[in-house]
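Subject: Structure for you to look at

Hello,

I am handing over the structure we talked about. Please open it beside this email and read the two together.

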Amino acid sequence: KRNMFLVRIEGETIQKLGVAAGMSGSPVYLNGSLAGALAYSWSFSKQPIAGITPIGEMLDLLAPDASRTAAANPAPVPATDWNRLFSPEGILDFFDRYLSSRHARSTGRAVPLRSLPIPLTVSGLQLGAIPALQEELRMAGFLPIPAAGGAAAGSDTPAPKLEPGSAVAVKLIRGDVQVSALGTVTYTEGDRVLAFGHPFLNLGPTDLPMAAAEVQTIIPSLATSFKFGNPLEEVGVFQQDRTAGIAGRLGPVADLIPVRLDLTLPGGRVREYRFELIRTGYLTPYLLYMVLNGILNTEGRGFADPTVDIQEGSTILLQGQENIVLKNRFSGPISTYISAALPAFILHILMANEYEPAEISGINLRLRYDQEPHFARIERIWCDRGTVRPGESVTLSVALRPFREAGYTRTLEIEIPEEEPPGRILLQVGNGLELSHRDYGSRDSPPRDLPQLIRLINHLRSNDKVYVFLTRPGRETVIRGERFSHLPPSKASLLLEPQINEDILFLPERRILEDSIETDHVITGHRSLVLVVRQ
């Protein structure tokens, strides 16, 4: 349902360089009239042949009903997504294919016609430290390049006037870290601007900062030449990202999410980063993941088994709701990746939740990086006695064996509830992830509103604690994620009526107690023993 002009472009420079990334949106004139925007090409083409998006289709983006600005959100979070909170590997897999899964490229024998790659200028972090990130961006149609510097916001250098043929940038991150997409202006009408001639990410209604840009040079390449440049001062907002291009207005200011990151490095050195992210449900979580990943892997210098702490004081600030509190520890070869992915994934399920908009007012992160691994294995557990009466306490001892350190023992007093009937009860001791997998009730009963989703996130178990469960066989009812261990038989029978109620889940064992022991290590392993309750 779209049209395209196929053209061969002549001229000494274009013959030498070919159609370059960053030329997206370059206005094309036929007999003095604007025909459209340069937008498509073939890689490794021997001649500068390109596809032109007709200007008539781009002008549709200036229609009054297309000027509405709204945050673009993905589809509601399915259960398979929020369940990844209990699987570090699942979260990493989610981000490893985040962009490419939505923007799959043709891999057949035919050479595909595709939109011109978009140069993505990056400063403040080194994407070269993470080859997987660069490959994911390329598969989504971006060409990451180092930024050449430029005028900061509020600079005395006036931004050049945007007109057809001007370089233009879409700012995705600004501040100590800057990431911008470069393209070209196709058409202006008063304070309205059309650019690119093809979608940026096809987000629909958007609120993306529009900035003037400058190009230092064009880097020739046998694959695809590209413009080397950088953004300048912001001049407005792009409000539409559609198949025929992007459209915006001069003057307005985009609403961005402020992020504060304090990173403590070995020796006590603290690096501070202050930046802002665009507020777009689909792209914002990936941008946070990309920045945290880049900073940790650049500052960490690639040590094999580091330890990363998400320290107390790390929060995602929400308007009108309880704030998200983040605190955890990761150690081992994927620690830098998962400590970057967890806050970004939580941001994803908040922004994409199906209940109501989550108004993110800011993100504060306090991370500590240690080049040494810090994890310990649960070797064995024992109690001072195997028989106990209701209301009495037993002393649990947990023997831990740290990596290349002397072992040590931690103890915990466990009080048996006075109403507990006689019988055998199971004492389970393990790390938070292991017991979360066994605690399938909370994972199979999804949250039913935004406050409950926030509570679920704020009660995620931490990796540096030894968790203790006391359970026994018997029915336990979970209603909308809340456990009810002692429902009267009359109430339980009503819930068992032959009707479908997705809010109710019945578990084959009853939780008596949950407690934890603080440690300085990431805990691995699981042990259990049986206690006997007697009158």
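Below is what was found in it, one topic at a time. Please keep in mind that this is a predicted model.

Aromatic rings

Searching the whole structure gives eleven aromatic pairs. In one of them, the ring centres of Phe 94 and Phe 345 are 5.3 Å apart and the planes stand at 85°, so this pair is edge-to-face. An angle over 60 degrees is what counts as edge-to-face. Phe 94 belongs to helix α4 (residues 88-96) and Phe 345 to helix α7 (residues 335-351), so the pair ties together parts that are 251 residues apart in sequence. Phe 94 has 13% relative accessibility and therefore counts as buried. Phe 345 has 0%, so it counts as buried too.

Another pair is formed by Tyr 286 and Tyr 289, with ring centres 6.0 Å apart and planes at 55°, so the pair is tilted. The two tyrosines are three residues apart in helix α6 (residues 284-299), which means that about one helical turn separates them. In general, an α-helix has 3.6 residues a turn, so residues three or four places apart point the same way. Both Tyr 286 and Tyr 289 are buried.

These residues also belong to a cluster: ring pairs link Phe 94, Phe 95, Tyr 98, Tyr 282, Tyr 286, Tyr 289 and Phe 345. Elsewhere, Arg 461 lies over the face of Tyr 467, at 6.0 Å from the ring centre.

Empty space inside

Rolling a probe the size of a water molecule over the atoms shows where empty space is left. Here the count is two cavities of 30 Å³ or more. What lines the second largest cavity? Its lining is made up of Leu 120, Leu 137, Phe 142, Leu 172, Leu 283, Tyr 286, Leu 287 and Met 290. Tyr 286, from the tilted pair, is therefore one of the lining residues. The space in this second largest cavity is about 40 Å³. Helix α6 supplies the largest share of the lining, three residues. By type, the lining has eight nonpolar residues, no polar ones and no charged ones.

Helix α10

Is helix α10 mostly covered or mostly open? Helix α10 (residues 450-458) is mostly covered, with seven of its nine residues buried. Those buried residues are Leu 450, Gln 452, Leu 453, Ile 454, Leu 456, Ile 457 and Asn 458. At the start of α10, a side-chain oxygen of Asp 449 comes to within 2.8 Å of the backbone nitrogen of Gln 452.

A buried asparagine

Asn 328 sits in strand β17 (residues 324-331). Its relative accessibility is 11%, so Asn 328 counts as buried. A polar atom of the Asn 328 side chain lies 2.8 Å from the backbone nitrogen of Asn 463.

Two positive phi values

Most residues other than glycine have a negative phi. Asn 31 has a positive phi, near 55°, and Phe 196 has a positive phi near 75°. Asn 31 is in the loop between β2 (27-30) and β3 (33-41). Phe 196 is in the loop between β10 (192-195) and β11 (204-219). Are these two residues buried or exposed? At 85% relative accessibility, Asn 31 counts as exposed, whereas Phe 196, at 0%, counts as buried.

Regards

Notes: Residues are numbered from 1 along each chain as its sequence is written. This is a predicted model: local features need pLDDT of at least 70, side-chain atom pairs count only at pLDDT 80 or more; totals for chains, interfaces and linings use all residues. Side-chain values use heavy atoms; hydrogens and water are left out. Rings of Phe, Tyr and Trp (its six-membered ring) pair if their centres lie within 6.5 Å; planes under 30 degrees apart count as stacked, over 60 as edge-to-face and the rest as tilted. Helices (H or I, at least four residues) and strands (E, at least two) are DSSP runs, numbered from the N terminus. Buried means under 20% relative accessible area, exposed over 50%, partly exposed in between (1.4 Å probe, protein chains only). A charge sits over a ring if NZ of Lys or CZ of Arg is within 6 Å of the ring centre and within 35 degrees of the ring normal. A polar contact is a pair of N or O atoms within 3.5 Å; within protein, one must be able to donate a hydrogen and the other to accept it, and residues adjacent in sequence count only if both atoms are side-chain atoms. On a 1 Å grid over the protein atoms alone, a cavity is a set of points where a 1.4 Å probe fits but cannot get out, and a pocket is an open set with protein on both sides within 12 Å along at least five of seven lines; lining residues have an atom within 4 Å of a point. Grid points are joined across faces, edges and corners, and a volume is the space filled by probe spheres set on the points. Ala, Val, Leu, Ile, Met, Phe, Trp, Tyr, Cys and Pro count as nonpolar, Asp, Glu, Lys and Arg as charged, and the others, Gly among them, as polar.
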